[in-house]
Each structure stands twice: as structure tokens, then as C-alpha cells.
Amino acid sequence: MEYVEFEGKTTEEAIAQATAYFQLPSERLDIEIISVGSPGLFGLGGKKARIRAGIKEAVETEVLTLAKEFLTRLLELMQEKATVTGELDEEDRVNLTIDAEDAGLLIGKQGQTLEALQYLVGKMVSHRVHRKVRVLVDIESYRARQQEALTQLALKSGEKAKKSGKPVTLNPMNPHDRRIIHLALQGDKELRTMSRGEGLYKKVVVYPVRKKEGQGEEANTP
């Protein structure tokens, strides 16, 4: 945790400087009073008040509450009637589930709307608590269905690459979906996978591993 010292004519003034510096209310700061200061005699020889302040570590329950509030607010701005529930998993990831009438609209084409909501909530929560928070947003078990579909796509693409002896390039995917492809094929010694492209959405290329004479098979490297 970063601590910074502040001075003021009074402790209140020093605290006000701290809240302005961190752009947070005093309740979110861990404040230690070093000296309360004194006005001196007839305004002479006075000492300034000094404090040391830093940002309080957000407890996980607070992180979960913030994530639910942010997602609920985003859905309200989209004029979607929905409820949000959430939980923390064993890795302290925030898992949020949306219950809404129009799930298809919130999922979007290839899950892009859901990904956008997840990205925004993650950024907003991380900014508020001043540390990276992992967030997963789901609706109607879309994530599980998508993982199964991507796993099947990976296996079929792997078989195609092995039969043709040529690389198979998949459509651009977000990091979460690319990871599913890589993991689905990482145990196949006859294949290797690699992400290609720039930006958030990249293509996964599935390569057949060519056996070299006198050598074993090349290892799979996602």
C-alpha cells in the first residue's frame, strides 16, 4: 500500500489534501496522524499538522457489492429489466449472473455484448479499489455452452489440420475464448496452437506438427 504524508494548518486541512490527492473520501483512506499541529503564540512559532495516508484495501465482500452495483447500473442505462446475482470463487474472481427477459440481446453476436459488459465492470471495479479485479459475467449458462462449443470447434479443427497437413485458422476471438481453444488442444502432441494478430481479438491458428526423421514429435505450444 502506498502511503503519502500531507501537511496543513489543521488535521482537517491535511486530510482534505489527502482526499484530493487520492480522489477518494476519507472513509476509504487509512489515515495516521503524525502531529496535530499548534497555532503558536500570537501566530508565531506554530507547527503544521502532519498525517500519513494510504488507500484501505477493499475487502472481497465490498468488491462483490461494487461489481453487482456497477453491472446493475449498466443494465439500467441499457433500459433492460434484469436482476444481478454474484459470488466469489476460490480464486477471488467475481462471478456475476444476469437474469433477464431478453438474454439474446445481452449476449450479442458471438457474445460481444456480454464481453463488453464484463470488460466495463472489471475496469470500473478495478479503478474504484485501485487493484486489478477479475470479473466474469454470465447469463443463462452461456459461458458453459460457449466453452463446450469452442472445445468441439478446437477438436474438429485439430483433426482437419492433421488430415490435411496444413494450418487451420479460426475466426478472431477474445482472450477468454482463445484460451479455451489452446487448452483443448494442448495435450495433443500432433498439434500446436498460436494466436495471431493485433488488439483484443486475435485469430488462433492450429498447426500440424511434422515429424522429423530420427526425432520425436514436436511439443504442443499454445
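**Salt bridges in this model**

Me: Hi! What's the relative accessible area of Arg-50?
Reply: Arg-50 has 29%, so it counts as partly exposed (buried is under 20%, exposed over 50%, partly exposed in between, with a 1.4 Å probe and protein chains only). Bear in mind that this is a predicted model, where local features need pLDDT of at least 70, side-chain atom pairs count only at pLDDT 80 or more, and totals for chains, interfaces and linings use all residues. Residues are numbered from 1 along each chain as its sequence is written, and side-chain values use heavy atoms, leaving out hydrogens and water.

Me: Which side chain meets Arg-50 in a salt bridge?
Reply: That's Glu-5, at 2.4 Å, N to O; a salt bridge here is a side-chain nitrogen of Lys or Arg within 4 Å of a carboxyl oxygen of Asp or Glu. The pair links distant parts of the chain, 45 residues apart: Arg-50 is in strand β3 and Glu-5 in strand β1. Strands (E, at least two residues) and helices (H or I, at least four) are DSSP runs numbered from the N terminus.

Me: How far apart in helix α5 are Glu-159 and Lys-162?
Reply: They are three residues apart, which means about one helical turn. Their side chains form a salt bridge too, at 3.2 Å, N to O.

Me: And how many salt bridges does the structure hold?
Reply: It holds 10.
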